[in-house]
Amino acid sequence: MSVLVASIGFGLISTSILAIAAVGFTLQFGVTNVFNLAYGSVMTGAAYAAYVANQFGVDIWVSMVLGGLFGAALSLLINRGLYTPFARHGLGLAGIIQVTLALGLILENGLQAIFGPSYHSYQMSQGPSFHFGSMVFTAVQVGIMGIALASMIGVHALLAHTKLGKAMRATAADAPLARSCGIRTEFVTDIAWLLSGLLCGIAGVILVMDLQSFTSTTGSNFLVPVLAAAVLGGIGQPYGAMLGALIIGMVSEVAAAVTLPQYKEVIAFVILLVVLLFRPRGILAEVASLKEVVA
Amino acid sequence: MAAGCIPAVNLINQAGGVLGHKLECVVADTRGDPADAVPAASQLLATQSNLVGILGPSSDEADATAPIFNDSKMTMMGDTGAASFDQNAYPYFWRLTPADDVKGTAMAIWGRQKGFSHAAAVFGNDIGSQTDVPTLVKAFTKLGGTIVSNESLALDQGDYRTEVARMLATNPDVLFIEADAQTEATFLANLKDLHGLIPVIGTSLDQAMYQAVGGAIGAQNMHDFYTTIRPLIGSLGTSTKTYDQALLASGSQVPKPDQWISDPFCPAHYDEVNLLALSMIAANSTTPSTYNSYIPQVANPGSGKTLVYSFDEGQKALAAGKQIQYVGASGFIDFNKFNNSTTGFEAFQFQLDGSTVSLGTIPIDEITQANS
């Protein structure tokens with residue numbers, strides 16, 4: 001029983017990292033319709049940016065912010081310099097996915113060329129451990145959960161209570177109509193890439209802070225559960241991504257406690273398939289669509 | 001593999017080559033899976049007219065490609081610990097790499113010698129890691145210990161906290177582990193955070209493993225808690241020094257050659273090339289179907305044989321009409337009737353700078369006895 005209870009606590013940590021990454025992914029997809037498979041490599045790039053800062057003696061939490069900013073800048077650059085020109089040339093959805101896949105590999109190999117094939121770690125301490133019954137969290141993990149909570153509240157506040165958020169939702173729902181209503185959709189798209197990149201970068205750094213060791217493929221390895229969380233919740237739906245992250249994160253950990261651990265990811269994906277069988281657009285897709293109509 | 005082949009070929013060519021021929025290392029990319037390896041093997045045989053021997057095949061594709069090379073009567077030095085070759089029936093397949101299942105027994109012996117009685121076995125769910133598990137469990141139990149937890153890990157997960165909690169619930173006094181570097185690093189970091197480390201017996205001496213695990217748990221903890229069981233390297237004086245010097249001198253062909261100094265497989269590949277070359281000289285032929293049967297003649301111990309520690313020493317002794325026993329940089333070689341040579345294992349401890357020191361050896365006789 002204590003392992004089961006502990007696994008729920010561990011699930012909170014997994015969920016936190018997954019939620020930040022999945023919300024960043026789905027936010028950008030919702031506004032721009034680009035299924036960005038280079039997302040994992042951008043996460044790794046941000047982790048390396050934070051690593052460089054950390055090696056110069058910068059505190060890991062400040063390095064995390066720098067990593068987030070790096071992710072934001074890189075994402076904007078990628079869209080402006082690569083995806084948008086391809087889209088202007090009429091490349092379709094499948095073609096763009098190929099471009100993102102190729103870019104991911106280029107980034108991954110570029111990072112390997114710069115930093116080498118070996119593993120790296122941040123100069124940081126996990127801090128003291130806190131016990132809540134059977135659950136154990138280090139200070140860093142508590143910090144990670146706090147960042148995730150703050151990020152989710154921030155995204156909610158942006159989308160629900162700001163003009164920019166409403167403009168993003170309008171662009172996501174119907175970009176030509178939003179443009180005809182006077183919304184600067186290109187500016188909104190830039191903001192979406194920046195915000196997505198910021199969350200992507202932060203997720204990359206806190207993933208490594210939790211793993212404590214990383215290499216050029218670390219972010220790409222994490223991409224599959226990120227996509228699963230985003231798709232499970234309803235691709236393009238930030239609240240759905242939060243819920244998807246919670247389900248994937250919790251199910252993986254609890255499955256490892258009550259079944260054979262090597263199948264924990266398999267069980268999470270079986271649940272993903274079952275859910276998509278009954279709700280092909282994800283758990284919150286219909287709910288979110290209805291809300292848009294009512295609003 | 002190049003870090004073994006290139007230094008050997010350089011020294012052989014400097015010594016005049018083999019029967020007047022210069023050797024060259026040629027790369028054939030099997031992409032690590034049988035589907036790509038089979039056409040790659042066929043292409044290699046069809047396009048390399050001067051092919052005289054093969055280093056490989058490797059674990060991922062040996063079962064698929066070994067029959068192809070064997071049917072073509074092409075001598076190969078298998079780079080696989082797969083148990084399917086323990087009783088190898090291919091006459092052209094030879095193996096210096098110890099079988100994976102033997103490694104499991106060696107781990108168990110070392111654990112029991114150190115007084116551990118309640119062990120957790122945590123291995124990656126890949127075939128290479130899982131091969132160790134049955135013999136580890138069997139030998140550890142036979143030697144009076146108990147495996148209290150036996151878990152397989154899905155590789156490269158974001159965390160292993162629940163798996164660690166499951167393991168800790170069984171109160172092990174030692175952890176046997178084998179997985180890729182990222183997985184081991186994450187698992188051990190989670191163990192450190194949740195409970196604190198317990199003695200760990202692993203199987204890798206790679207610098208990648210040191211960087212990943214040492215970075216995750218700290219170099220001091222890696223030194224204090226982590227022991228690695230690897231094929232016996234030993235300190236064999238001349239052959240090891242000759243290999244090390246040749247490796248370091250091949251910097252223009254082998255990037256960062258010093259990184260391979262402590263890798264146990266590179267000296268084995270170096271030895272494999274020397275064995276091929278010396279058996280060609282002994283057979284007075286570079287044709288595999290002719291020289292193949294001479295391999296044990298130049299490698300295995302025997303009365304009246306002259307010990308040689310390099311290709312140059314070996315060719316001179318053969319030219320003088322002597323019977324030779326090549327003592328390799330990877331250790332003594334003694335092929336059995338299945339063309340397998342296993343000479344024992346050695347325990348290593350990582351130092352704070354990433355180098356390793358030997359803690360002791362596990363003789364092959366002891367392993368055979370525990371495995372019986």
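The model is predicted, so local features need pLDDT of at least 70 and side-chain atom pairs count only at pLDDT 80 or more, while totals for chains, interfaces and linings use all residues. Residues are numbered from 1 along each chain as its sequence is written, chains are lettered from A and ligands numbered from 1 in the order in which they are written, and side-chain values use heavy atoms, with hydrogens and water left out.

## Where the chains meet

Let us start with the interface. Chain A gives 30 residues to the contact and chain B gives 29 residues, where contact means heavy atoms within 4.5 Å. Between them the two chains bury about 2,400 Å², with 49% of it on carbon and sulfur atoms; buried area is the accessible area (1.4 Å probe) that two parts lose on being put together, summed over both. On the side of chain A, the most area is lost to chain B by A:Tyr119, A:Leu211 and A:Gln262, together 25% of what that side buries.

Chain A and chain B share 15 residue pairs in polar contact, both residues being at pLDDT 80 or more. A polar contact is a pair of N or O atoms within 3.5 Å; within protein, one must be able to donate a hydrogen and the other to accept it, and residues adjacent in sequence count only if both atoms are side-chain atoms. Several elements of chain A give two or more residues to the side that touches chain B, among them α1 (2-32), α8 (185-211) and α11 (264-278). Helices (H or I, at least four residues) and strands (E, at least two) are DSSP runs, numbered from the N terminus. The largest share of this side, 5 residues, comes from α1(A). By residue type, the side of chain A that touches chain B has 11 nonpolar, 15 polar and 4 charged residues. Here Ala, Val, Leu, Ile, Met, Phe, Trp, Tyr, Cys and Pro count as nonpolar, Asp, Glu, Lys and Arg as charged, and the others, Gly among them, as polar.

## Salt bridges

Side chains of opposite charge can pair when their charged atoms come close. A salt bridge here is a side-chain nitrogen of Lys or Arg within 4 Å of a carboxyl oxygen of Asp or Glu. Over all chains the structure holds 9 salt bridges, and 2 salt bridges are found across the interface of chain A and chain B.

| A:Asp210 | B:Arg161 | 2.8 Å |

For burial, buried means under 20% relative accessible area, exposed over 50%, and partly exposed in between (1.4 Å probe, protein chains only). A:Asp210 and B:Arg161 are both buried. B:Asp86 is partly exposed at 22% relative accessible area, whereas B:Arg95 is buried at 0%.

## A sheet in chain B

In chain B, 3 strands form an open sheet in the order β1-β2-β3, with parallel pairing; two strands pair if DSSP finds at least two bridges between them. Strands β1 and β3 (93-94) of chain B stand at the edges, each with a single partner strand, so one side of each has no neighbour in the sheet. β1(B) is joined to β2(B) (residues 76-79) by 3 bridges, and β2(B) to β3(B) by 2 bridges. B:Met76 stands opposite B:Ile54, and in β3(B) its bridge partner is B:Phe93. Of the 5 residues of β1(B) (residues 54-58), 4 are buried, so this strand is largely enclosed by the rest of the structure.

B:Phe176 sits in strand β6 (residues 174-178) of chain B and is buried, at 0% relative accessible area. Its C-alpha atom is 6.1 Å from that of B:Ala120, 56 residues apart along the chain.

B:Thr203 lies in the loop between β7 (200-202) and α9 (207-217) of chain B and is buried, at 4%. Its side chain makes a polar contact with the side chain of B:Glu178 (3.1 Å).
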